[in-house]
Amino acid sequence: MTESPAARGGRLVYGCMGLGGDWDDLPYRAADVARAEAAVEAALDAGITAFDHADIYRYGKSEAVFGEVLSRAPGLRDRITLQTKVGIRLPEAGRPGLYDLRGPSVLRRVEESLARLRTDAVDVLLLHRPDPLADPEELAEALASLHRQGLVRRFGVSNMNAAQIARLQSFLDVPLTVDQLEMSLHRRDWVEEAVLVNTPAGAGVGFPSGTVEYCGERGIELQAWGALAGGRFSDPQAGPAGALVARLAEAKGTTPEAVVLWWLQRHPAGIVPVVGTSRPERIRACRDAVGRAPRLDHEEWYALWTAARGAPLP
């Protein structure tokens, strides 16, 4: 009998969006590198060995400071999984922001990311957002070229639904292995999309129907960005859900952050939370969600969901 993902040891990804200084195109400073080193050290101390980037984070500075951290720590690159994303272009020079999955653009952006990260390959490349103007054949050829050259080992997507993944996969010879979506105790519509079927409350749920099930059937890893929900449940004064998180944390001898992550990990879809805080103490507070089964039972999981919803089950 196959063990469910929720019964196995947990895995986390550290999201590097908060590294690199301000959201502008000014150069990063020595202090920004020091903060990145502290965050990376805290993640490693907590048992986290996967790091998530995007070419747009801090206008490329998140990747650049991480590249400096790698250059100062010989052997670190071989101990971690490095993931980045392309496909969003930020506004510039009067031009609005846009999504860009044109083949030549993807190739160029990956080369720029590799240079900033100071590495010869990334382990995983995600397409950051769907581009409705993308030519799937051209995009597939660009990804195939990156794979042939050894610049990217695996591919995935971010913020895509089941139909979009299936459409893109039909043009690819290599499998899509990740879908990164916003999922948390605050953004619960990935649960409510299924549970609130045929109820009035279900009409307001925006999560794409069937995506969790589609990924599960095909072995596509669901990564949950925003997993700590901005810290809104780490404060015991933050309403009924925050108070319940605090009580569970105290009873189980752990931190509120671990409880919030366990809520995601307890789901049988095998969800991998992406932890985005840049504060070392909060990164280390996630330690109990790494390498062990989530210690929430059936009733506790539903109690948290109900408290976060602020309403009883339908």
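The model is predicted: local features need pLDDT of at least 70, side-chain atom pairs count only at pLDDT 80 or more, and totals for chains, interfaces and linings use all residues. Residues are numbered from 1 along each chain as its sequence is written, and side-chain values use heavy atoms, with hydrogens and water left out.

**Helix H5**
- H5 runs over residues 136–148. Helices are DSSP runs (H or I, at least four residues), and strands are E runs of at least two, numbered from the N terminus.
- The expected span is 1.5 Å times one less than the number of residues.
- Buried residues of H5 include Leu139, Leu143 and Leu146. Buried means under 20% relative accessible area, exposed over 50%, partly exposed in between (1.4 Å probe, protein chains only).
- Helix H4 and strand E7 are among the elements that cover them.
- At the start of H5, a side-chain oxygen of Asp135 comes within 2.9 Å of the backbone nitrogen of Glu137.
- Gly150 follows H5 and has a positive phi, near 75 degrees.

**Thr277**
- Thr277 sits in the loop between strand E10 (272–275) and helix H11 (280–284).
- Thr277 is buried, because its relative accessible area is 11%.
- A polar atom of the Thr277 side chain lies 3.2 Å from the backbone nitrogen of Arg279.

**Trp23**
- Trp23 lies in the loop between strand E1 (13–15) and helix H1 (30–45).
- Trp23 has 39% relative accessibility, so it counts as partly exposed.

Terms used. A polar contact is a pair of N or O atoms within 3.5 Å; within protein, one must be able to donate a hydrogen and the other to accept it, and residues adjacent in sequence count only if both atoms are side-chain atoms. Contact means heavy atoms within 4.5 Å.
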